[in-house]
Amino acid sequence: MSYRSLGFSADPFSNKALQADEEGEKLVVDRETEVKKLVRRVQESDKIPTLEGPNGVGKTSIINIALHRVLLQSQHDECEPMFIPCRCSFQIDKEKGADEFLDEFYLQVALTLVESADMLRPPPGYTKAPIEASIKNYIQSPIIRNYTGSILGNGLGFGGTPNSGKGWERVGFRAAIDGWLKLLFPKSETGGVVCVIDNLEILQSSEKAKETIEALRDTAFAVDGIKWILCGSSGVVRGVASSTRLAGWLHKPINIGELREEVGGQVYDKRVETFRKNEQATLPLTRDNFITLFDMFNGNSRFALDEAGAFCTWVFDEVDDLSKIPGDSFERWLREELETNYDEIFVFFRDRDEEAFKGICQQEIFVPNDCSELGFDDAAEFIAILERFRNYGLVTPTLDQNTPEDTVYEISPKSLKLQYFLDSQADRE
C-alpha cells in the first residue's frame, strides 16, 4: 500500500519546506501577515529583511511563498520591480571563508540569470535582456558543468568552486557579473536577484555569525542588483543584528511563531485537496487524528506532518487492505509511541529532573539563566540537568554563547511527546 495506491499524487505529509510555486501557495496556512511583511521589505526597502523563529515553524516556507509572490507581481505588472529568486539558498560554513562564499554566490547568480533569461526585462537600448556570451561560455564549460551538476538543489553550502575556466580568472568573472547586474538592474527600485542565507544557527555562535556576516557586508551585501534575506533560529538573527558594523543594514527580525491551534484542520484539508487525484482518495489518518498530532506539537507543522507520515507508514507496513484498518488503530499506535518515548527517557530521570522538565516545557525556548523562574536557585545544578536533557534528546541548543548560562535552548519533539503523555496520564487520574 502507498499514497499513490490510495489515490494521491504524492506524500501529502511531506515536511519539506513549501516551494516557491503555485503548489506552495495552495498549501500555505495562517501565514498571510508574515508573508506580506516580507514582501513589503523585499520590494520597498534597501535594508536586508531577516526572519527568526524555532525550528520547524516554516521560516523557509514563508520566504519561498513571498519570493513567488514578488516574482508573479513583477511578471504581471511592468511597473513593479523585477525580483528573481536565486536558484538556491546559501548556508554559511564556519570552516570556510568569505572568498569561498563569494565564489559560490557569483556562480549561482550567473546561473540564475542565464536560466531566467526569458523573463528578464531588457534594459534601455535593448530589445531583449542580454546574456553576456563570455559568462555563458564560462558556466557552460565542462569543468563548471561538472561542478554545478554535483551541487544542484536547495540549501547548498559553499566551497571548492573552480577559480578558472576557459582561462577566466576569479576577479574577471566577478567583475563581469557585477557589470551584468548593473545593466539589468541599474537602480535598487528596478529589482534584482534575491538571495537567501538560511539556517544561520549552523554557526552555533552569535559571535561567529557576526564575524562571518560582517565580512560579507562590503562584498556580497554591497553588490548592486542583489537583494538579501537572512534567516535563522530564535536568537541568532537578533544577535547578528546587534552588530555595530551592521547598524542600518538589517531590518529587525520578523518573528515566526508556531501556527495557531485552530488551524490544524486547515493544514490537513489543504494537504488532502492539493494531492488527491479523485474524490474517492482516502488516508489512514483522519482530520481529527491530525489535529491531535498538531495540538501535541503545539502548532509546529513540521513535527506534526512528520508524525502523521510515521503513522501512515506504520499502516502501510501492517495492513494490506485500507478498508480493514481497525477503528482504534491511530489511538493504539499513538499510545504505543508515547509509552515507548516515555520508557526510553523517564527511566533515567533523577533528583529534580521532572520538575525542570515541566518548567522548560512551559517556556519552550529558554536560557539557563531563567533557572530562578523555574524554581532553581543554583544555575550550575540547572545546567547539569540541561546537559542530561541534551543527551536524552529533550532539548537542543540553538545558539551557543560565550558562557553556558547564556546558551539558548529549545525543546525537541521528544519533549513535546513526553509532555503530552504525562498530561494525558494526569487527566486519567
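Asparagine 298, whose phi is positive, near 55°, follows helix α11. The model is predicted: local features need pLDDT of at least 70, side-chain atom pairs count only at pLDDT 80 or more, and totals for chains, interfaces and linings use all residues. Residues are numbered from 1 along each chain as its sequence is written, and side-chain values use heavy atoms, without hydrogens and water.

The mean pLDDT (the predictor's confidence in each residue, from 0 to 100) of the chain is 86, and 89% of its residues reach 70 or more. Over residues 143–167, pLDDT stays under 50.

Helices here are DSSP runs (H or I, at least four residues), numbered from the N terminus. In α11 (residues 287–296), the residues Asn289, Phe290, Leu293, Phe294 and Met296 are buried, that is, under 20% relative accessible area with a 1.4 Å probe, protein chains only. They lie on the same side of α11 because they cover an arc of only 160° around the axis, taken from the directions from the helix axis to the C-beta atoms. The buried residues of α11 pack (heavy atoms within 4.5 Å) against α10, α12, α13 and α16.

Phenylalanine 13 touches Phe290 and Leu305, among other residues.

Notes
Buried < 20%, exposed > 50% of the residue type's maximum accessible area, 1.4 Å probe, protein only. Helix = DSSP H or I, 4+ residues; strand = E, 2+ residues; numbered from the N terminus. Lists of a residue's contacts leave out its neighbours within four places in sequence.
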